[in-house]
Amino acid sequence: MSTATVTPAAKKGGDEQSLKALLLGNMRSYGIYLALVLVIVVFQILTGGRLLNPNNVVALFQQNAYVLVAAIGMLMVIIATHIDLSVGSVVAFIGGVGALAMKHGVPWWAAILLMIAIGLAIGAWHGFWVAYVGVPGFVTTLGGMLIFRGLATVVAGESIPVSNASFRAISKDYIPTIFVGPFALTALVVGLAAIVLVVWSQLSKRARAVRNGLPAQPMSFVVLKCVVAALAIGYVTYLLAMSGNATQGGIPIVLVIIGVLVCVYYFVLNRMVFGRNVYAVGGNRKAAILSGIDTRKVDFEIFLNMGFLVSIASIITLSRLASASAQTGMEFEMDAIAACFIGGTAVTGGIGTIPGAMVGALIMGVLNQGLSIMGVDAAWVKTIKGLVVIAAVAYDLLSKKKKG
């Protein structure tokens with residue numbers, strides 16, 4: 001009986017083959033990240049290097065924060081096979097109420113609490129009709145789009161200015177920092193911590209799989225992911241650390257808000273029962289019911305969360321614009337839906353991730369920012385964004401057919 005031996009060369013060849021197979025097998029998953037890099041490179045060239053100017057990068061987050069926030073809620077809604085068409089109208093209405101409250105002397109922090117409370121109430125209103133009456137989400141939120149746009153017109157009228165400096169700081173200021181030469185120290189520290197966290201999570205995930213006897217990714221693939229992530233985070237950290245002016249810079253407040261929401265909802269969707277139930281309902285509603293999941297409760301909670309996140313988007317928008325009007329939030333829902341579809345969320349529900357939706361939102365943001373820097377007419381910007389959305393959904397459907 002002979003014993004086969006594996007030479008180092010053969011082992012190396014096997015590792016290379018497995019690494020190649022993993023890269024090709026995960027091309028669909030990582031394709032969205034490559035698309036983001038490609039879009040950034042293209043617009044960096046077309047704008048003559050202005051796209052990745054540090055202050056332009058900060059502006060990218062500040063001006064598109066509403067998409068990043070609303071896309072988190074829209075992701076859950078679409079995963080559960082619903083849709084929300086009322087986002088822009090609700091943003092206008094909540095913003096109008098908040099601006100009106102501050103105009104009549106309500107403290108800015110109390111106005112924020114009021115806006116969040118209204119967002120939760122609207123989410124509960126939509127959730128009630130969808131979950132307990134059985135009105136489809138499309139119809140419910142279509143009605144909501146009309147209702148709250150009308151109420152926004154009543155509340156805000158032409159315009160209500162917001163002059164409170166503390167409230168306006170939410171969208172335009174940075175968290176406190178110390179400058180080390182031209183660099184903001186807080187950005188450097190947070191960036192380094194993010195790199196350490198990513199590397200640790202990848203290595204510990206592989207070690208846990210090996211320890212439990214589960215299939216584990218080759219170390220070469222894990223190292224490759226860590227290196228790519230570290231380079232990406234490091235470069236963004238450098239840009240943020242160089243941003244700002246003589247008095248403040250580094251990490252904008254809106255980026256902190258987005259980061260907290262992303263972390264919380266990533267944990268909710270991937271580690272909590274509610275998240276598993278959302279995917280189960282979206283994947284097969286009948287099977288979810290048979291397994292004992294209260295699908296009506298899940299639907300209600302999805303729209304409740306959507307209302308909360310839309311209220312946050314409204315706060316950020318009102319802070320950035322420094323005024324409320326009936327026309328605020330036009331097509332916000334389309335940007336959020338587009339971000340989810342571009343990020344790989346399935347049209348049929350059941351599939352979608354927070355990172356994917358965030359990357360989709362960033363692609364939309366880079367398109368907006370890059371085309372704006374180039375001075376492209378707004379009509380063409382909408383046309384290009386529409387084509388990108390169709391291409392993303394078509395790619396998703398064709399990939400599934402090919403896989404099938």
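Is Thr81 buried, partly exposed or exposed, and what is its relative accessibility? Thr81 counts as partly exposed because its relative accessibility is 41%; the classes are buried under 20% relative accessible area, exposed over 50%, and partly exposed in between (1.4 Å probe, protein chains only).

The model is predicted: local features need pLDDT of at least 70 and side-chain atom pairs count only at pLDDT 80 or more, while totals for chains, interfaces and linings use all residues. Residues are numbered from 1 along each chain as its sequence is written, and side-chain values use heavy atoms, with hydrogens and water left out.

**View 1. Thr81 in the loop between helices H3 and H4.** The loop that holds Thr81 runs between helix H3 (54-79) and helix H4 (87-103); helices (H or I, at least four residues) and strands (E, at least two) are DSSP runs, numbered from the N terminus. Thr81 is not a glycine, yet its phi is positive, about 70 degrees.

**View 2. Salt bridge between Lys172 and Asp173.** The structure holds 4 salt bridges, a salt bridge being a side-chain nitrogen of Lys or Arg within 4 Å of a carboxyl oxygen of Asp or Glu. In one of them the side chains of Lys172 and Asp173 meet at 3.5 Å, N to O. Lys172 is partly exposed at 43% relative accessible area, whereas Asp173 is buried at 18%.

**View 3. Salt bridge between Asp299 and Arg285.** The two side chains meet at 2.9 Å, N to O. Asp299 belongs to helix H13 (residues 295-321) and Arg285 to helix H12 (residues 285-290), so the pair ties together parts that are 14 residues apart in sequence. Asp299 is buried, with 4% relative accessible area; Arg285 is partly exposed, with 26%.

**View 4. Salt bridge between Glu331 and Lys382.** The N to O distance between these side chains is 3.4 Å. Glu331 is partly exposed, with a relative accessible area of 38%. Although Glu331 is not a glycine, its phi is positive, about 70 degrees.

View 5. Helix H14 is largely enclosed by the rest of the structure, because 10 of its 11 residues are buried. Among the buried residues are Phe332, Glu333, Asp335, Cys340 and Phe341. Gly344 follows H14 and has a positive phi, near 100 degrees. The side chain of Thr345 reaches the backbone oxygen of Cys340 at 3.0 Å.

**View 6. Positive surface patch of Lys205, Arg208, Arg211 and Arg271.** Patches are made of residues with over 30% relative accessible area and no salt bridge, with like charges joined within 9 Å and nonpolar side chains (Val, Leu, Ile, Met, Phe, Trp, Tyr) within 5 Å. Helix H8 (residues 185-211) gives the largest share of this positive patch, 3 residues. Arg208 is found in helix H8 and counts as partly exposed, at 40% relative accessibility.

Note on methods
Areas by Shrake-Rupley, 256 points an atom, 1.4 Å probe, with all protein chains shown as cover. Lys, Arg positive; Asp, Glu negative; His and termini not counted. Charge placed at Lys NZ, Arg CZ, Asp CG, Glu CD. Polar contact = N/O pair within 3.5 Å; in protein donor to acceptor, adjacent residues only side chain to side chain.
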